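Hi,

Here is the structure I said I'd pass on.

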Amino acid sequence: MRLVRDPVYGEVDLTASAEELSRLADAVAAGEGWFNSTTSPGSNALTGIEVGGTSGPGVLIRLDPERQILVISGDSASRAVLADNLHGMASAEDGGHLHVDYFPGHFYLAEGSLPLVVNSPHGGMPAR
């Protein structure tokens with residue numbers, strides 16, 4: 001799993017295998033988990049993802065700058081929607097990516113969530 005923060009646009013780019021994305025989706029659904037990522041010295045890479053449950057409302061995706069990790073937390077119903085989206089990306093048999101971006105009135109993301117781009121394990125854009 002690789003997590004890279006874009007300091008210009010403020011988004012986090014996640015690249016992982018199908019198995020890693022499935023495990024992350026399961027942890028998001030359960031509301032707990034920890035995932036290490038690969039880092040390169042001097043890069044904008046984050047060291048991991050921490051998943052936790054809260055009373056909500058919504059899922060909050062944020063950066064813990066002290067630990068250099070991505071934190072995903074939220075209520076059960078909202079986490080279930082994000083988990084379904086992550087499972088969908090893990091099981092897709094073609095390329096592409098998933099943008100998880102907050103906008104006012106978003107149905108499962110909490111205000112203040114960082115934008116997250118989840119890349120397909122198969123890379124590139126889909127052949128559809």
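Of the 128 residues in the protein chain, 42% are buried (buried means under 20% relative accessible area, exposed over 50%, partly exposed in between, with a 1.4 Å probe and protein chains only). Before you read on: this is a predicted model, where local features need pLDDT of at least 70 and side-chain atom pairs count only at pLDDT 80 or more, while totals for chains, interfaces and linings use all residues. Residues are numbered from 1 along each chain as its sequence is written, and side-chain values use heavy atoms, with hydrogens and water left out.

The overall build: the protein chain has two helices and eight strands, in the order β-β-α-β-β-β-β-α-β-β from the N terminus. Helices (H or I, at least four residues) and strands (E, at least two) are DSSP runs, numbered from the N terminus. The radius of gyration is 14 Å, which agrees with the value near 14 Å for a compact globule of 128 residues; it is taken over C-alpha atoms, and the globule rule is 2.2 Å times the number of residues to the power 0.38. Along its principal axes, the C-alpha trace spans about 35 × 35 × 25 Å.

Now the inside. The largest nonpolar core has 29 residues, and L14 and I49 have the most contacts inside it. Such a core is a set of buried Ala, Val, Leu, Ile, Met, Phe, Trp, Tyr and Cys residues joined through side-chain atoms within 4.5 Å. In soluble globular proteins, nonpolar side chains tend to be buried together. Leaving out residues up to four places away in sequence, L14 touches M1, R2, L3, L21, L24, I49, L116, V117, V118 and N119 (contact means heavy atoms within 4.5 Å).

Beyond its neighbours within four places in sequence, V28 is in contact with V51, I72, R79, L82, A83 and L86.

Q68, however, has a positive phi, near 55°. Q68 lies in the loop between β5 and β6 and is partly exposed, with a relative accessible area of 25%.

Cheers
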